[in-house]
Amino acid sequence: MSRTDRWLLPEGVEELLPSQARRLETLRRRLLDLYATWGYAQVIPPFIEYLESLLVGSGSDLDLETFKLTDQLTGRLMGVRADMTQQVARIDAHRLQHESPTRLCYLGTVLRTRPGGPGGSRSPLQVGAELYGHAGIESDAEVVALMIETLEACGIRGAHLDLGHVAIFRGLAAAAGLDQAGEAELFEMLQRKARAELEVALAALPAQHASRLLALVDLNGGDDVLDAARERLAGAGAGIDAALASLAGVADVLRRERPDLVLHFDLAELRGYRYHTGVVFAALVPGHGEAVARGGRYDDVGSVFGRARPATGFSADLRTLLHLGDAEATAQPDSGIFAPADADPALCARIRELRSAGERVVRALPGQAGAAAEMGCDRQLLMQGGAWEVRDIRGK
């Protein structure tokens, strides 16, 4: 790297300038306060830990996204976290060990070897919430509702919700006798909804199994999707029936609590299916190609930490939410008090008093360039009548 381009950052790694950082910090505090009102307690997992803990239950995708290095103290392989969900599951299972439902939230930077899409970030600021210890549809619905409120707190309105259930595809693939490679191949085709390729790939299967798997391509849309699924997947087994009933139950709860929410069912929406075990969901915003938040149920992940508790949760990239949200909703106007470069003890006392009251006070430096406006201040301290008084300077 030459001296002229030392300022360049690695591809997919970003920094925030003061105005952006202030908006993001305002949003961070707002979301953590929101989660607290729902009973979600914040945890702060480590940025790096042993690899086998980070990759629990995540399949190969997260393994490829994780930066790895050797611990010089132990010789063991470590990883920089690419996702915080497994870490929070470890905290619930091993450190907290509650019997009652546990609600946890988190917000921190993760690091990935590759971006999620063209022009995407490799260092997202991941925000999320997880609910452990309850297996019912009510906990799934609660997490979905909190995800929607997260978007609204960021100034994002009109999000659509995609609902799916990984047990449907998983059950159909098992019934068809597919091996791991065949299941992975079908999964990739379903994500692209590549009907012609699926028809070729399924040609060797018995007609009943092939038709059910192929039906997943078409089973997306409004409320009629569940009725169509019950008809087209009839006889596939109790597990499929239970999954469809679970989807309908979550939708019913959400409609009671959020009648304004637009629901969309997609039985081929399987992202994270190696990791999730039940209902999966994603929030989409018109004009943005990727889901802005997603989550689902993952009941098995805590077993390797000693406690296999039911679990459901969601996560999002706070930088993406900041970018897509209403800037006015997350902005703070320039406000502050400019104090002169004066050694008067009374001025020092007045500055301490104002700062203790929560005011932003910027003290001038002798000989500096720029006055109050350049320092982002709308008021200044002036000596009047023997006392230091705050005066508004806007419009002057």
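**The sheet and its surroundings**

Analyst: Let's start with the sheet itself: nine strands form an open sheet with mixed pairing, in the order β1-β5-β6-β12-β11-β10-β7-β9-β8. At its edges are β1 and β8 (220-221), each of which pairs on one side only. Keep in mind that this is a predicted model.

Now zoom in on β11. Strand β11 covers residues 293-297 and runs antiparallel to β12 (residues 311-317), with five bridges joining the two. On its other listed pairing, β11 is joined to β10 by four bridges, and this pair is antiparallel as well. Begin at Val280, whose bridge partner in β11 is Gly296. From Gly296, step on to Gly313, its bridge partner in β12. There's another spot to look at here: Arg294 stands opposite Ser315 in β12.

Is β11 enclosed or open to the outside? Buried here means under 20% relative accessible area. Four of the five residues of β11 are buried, so this strand is largely enclosed by the rest of the structure.

Helix α5 (residues 137-153) lies across β5, β6 (125-132), β7 (160-165), β10 (279-284), β11 and β12. Against β12, helix α5 runs at about 15°.

Next, follow the chain out of the sheet. The loop between β10 and β11 holds Gly287. Gly287 is exposed, because its relative accessible area is 90% and anything over 50% counts as exposed. Gly287 also has Leu324 for you to find: the two are 37 residues apart in sequence, and their C-alpha atoms are 9.9 Å apart in space.

Phe47 lies in the loop between β1 (41-42) and β2 (48-50). With a relative accessible area of 39%, Phe47 is partly exposed. Together with Ile48 and Leu69, Phe47 forms a nonpolar patch on the surface, and the three have about 230 Å² of accessible area together.

What stands out about the phi of Gln97? Its phi is near 55°, a positive value in a residue other than glycine. That's worth a second look because most residues other than glycine have a negative phi. Gln97 is also partly exposed, at a relative accessible area of 46%.

Lys193 is another residue with a positive phi that isn't glycine, with a value near 50°. You'll find Lys193 in the loop between α7 and α8, and its relative accessibility of 32% makes it partly exposed.

Those two helices bring us to one last stop, α9. In this helix (residues 207-215), the buried residues are His209, Ala210, Arg212, Leu213, Leu214 and Ala215. What do they pack against? The buried residues of α9 pack against α6 (166-175), α7 (180-192), α8 (195-202) and α10 (224-232).

How values were computed
Residues numbered from 1 in each chain as written. Predicted model: local features only at pLDDT ≥ 70, side-chain atom pairs only at ≥ 80, totals over all residues. Heavy atoms only, no water. Patch = residues over 30% accessible without salt bridge, like charges linked within 9 Å, V, L, I, M, F, W, Y side chains within 5 Å. Areas by Shrake-Rupley, 256 points an atom, 1.4 Å probe, with all protein chains shown as cover. Salt bridge = Lys/Arg side-chain N within 4 Å of Asp/Glu carboxyl O. Buried < 20%, exposed > 50% of the residue type's maximum accessible area, 1.4 Å probe, protein only. Contact = heavy atoms within 4.5 Å. Pairing = 2+ DSSP bridges. Axes fitted to C-alpha atoms, helices over the stretch in contact; angles between N-to-C directions.
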